[in-house]
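Here is a short briefing on one protein structure. Look at the sequence and the 3D view, then read on.

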Amino acid sequence: MLIYKNKITGKYSPPGDKSISHRAIILTSQAVGKSQITNLLEGEDVRNTIKAMKALGARVIKDKNKYIVYGLPPGALFQPKKHLDFGNSGTGIRLLVGLISSNNIKAILKGDRSLSKRPMQRVAVHLKKIGALIELKKNSFPPIRIKGVGDAIPLNYDIKIPSAQIKSAIMLSALNTNGLVKIKELKSTRDHTENMLKA
């Protein structure tokens, strides 16, 4: 039996999680007033989500090791003046198309060559039901042209494809939907969005 007498002690702060960082930026941008985010993962994907939320009207400021976000109430997104570029972020583009779908604005969401080959129909099919107009390249891929709707229809959703991104897109669309929205999953997926919405 080996006995180790020396111990490693100290404090370790792991880097922020990418999926949670996307949601932190989006949800604080929909909270009226001032929010603070620490330990945000500052990768390219998350930076693109920050740029998109700024283009949609949120005020996001970096202050040393934290981010200050001044949000907008649901339904008050600004009309973006240019295309929203998500680079290689599938999470960013799918979540934001959900948020935009229930706002009365038009937008074009695009990405790099890799993202432009990733399917978006699985998200769009649910969001079209609330009244949003969505066009995809070859009926499946980015760029996504969307015209949101200010009076989204509250629905019951039955998600057959296990996907936290699909579920989260619907939840974000529900923020500006007048009525009760219910989501049923065939199989449980990551619950970052619902936990953060409760918070």
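This is a predicted model: local features need pLDDT of at least 70, side-chain atom pairs count only at pLDDT 80 or more; totals for chains, interfaces and linings use all residues.

- Strands of a sheet pair through backbone hydrogen bonds, either parallel or antiparallel.
- E4 runs parallel to strand E5 (residues 106-110), and two bridges join them.
- Leu84 stands opposite Leu109 of E5.

**A β-α-β unit**

- Strand E8 (residues 156-159) and strand E9 (residues 182-185) run parallel, joined by four bridges.
- Together with helix H5 (residues 164-174), E8 and E9 make a right-handed β-α-β unit.

- Helix H5 is largely enclosed by the rest of the structure, because ten of its eleven residues are buried.
- Buried residues of H5 include Ala164, Ile166, Ile170 and Leu172. Lys167 is buried too.
- The cover over the buried residues of H5 includes H1, H3, H4, E8, E9 and H6.
- Helix H1 (residues 18-28) is mostly covered as well, with nine of its eleven residues buried.
- Among the buried residues of H1 are His22, Arg23, Ile25 and Ile26.
- The buried residues of H1 pack against strand E1 (33-38), helix H2 (44-55), strand E3 (66-71), H3, H5 and helix H6 (192-198).

- Met53 touches Ile25, Ile26, Ser29, Ala58, Leu77, Leu96 and Leu99, leaving aside residues up to four places away in sequence.
- Two of those contacts of Met53, Ile25 and Ile26, are buried residues of H1.

**The cavity**

- Rolling a probe the size of a water molecule over the atoms shows where empty space is left.
- How much space lies in the largest cavity? The volume is about 30 Å³.
- Its lining consists of Arg94, Val97, Met120, Val123, Ala124, Ile134, Leu136 and Ile144.
- H3, helix H4 (121-127) and E6 are the elements that give two or more residues to the lining.

- Most residues other than glycine have a negative phi, and most peptide bonds are trans.
- The peptide bond from Pro142 to Pro143 is cis, with omega near 5°. Pro143 lies in strand E7 (residues 141-147).
- Lys64 has a positive phi, near 60°. Lys64 sits in the loop between strand E2 (59-63) and E3.
- Is Lys64 buried or exposed? Its relative accessibility is 75%, so Lys64 counts as exposed.
- Lys138 also has a positive phi, near 55°. Its place is the loop between E6 and E7.
- Lys138 counts as exposed because its relative accessibility is 70%.

**Asn65 in its loop**

- Where is Asn65 found? Asn65 is in the loop between E2 and E3. Lys64 lies in that loop too.
- Asn65 is exposed, with a relative accessible area of 65%. The cut-off for exposed is over 50%.
- Asn65 touches Thr38 and Asn39, not counting residues up to four places away in sequence.
- Asn65 and Glu135 are 70 residues apart along the chain, and their C-alpha atoms are separated by 39 Å.

Technical notes:
Residues are numbered from 1 along each chain as its sequence is written. Side-chain values use heavy atoms; hydrogens and water are left out. Two strands pair if DSSP finds at least two bridges between them. A crossover is right-handed if, with the strands pointing away from the viewer, the path from the first strand over the helix to the second runs clockwise. Contact means heavy atoms within 4.5 Å. On a 1 Å grid over the protein atoms alone, a cavity is a set of points where a 1.4 Å probe fits but cannot get out, and a pocket is an open set with protein on both sides within 12 Å along at least five of seven lines; lining residues have an atom within 4 Å of a point. Grid points are joined across faces, edges and corners, and a volume is the space filled by probe spheres set on the points. Buried means under 20% relative accessible area, exposed over 50%, partly exposed in between (1.4 Å probe, protein chains only).
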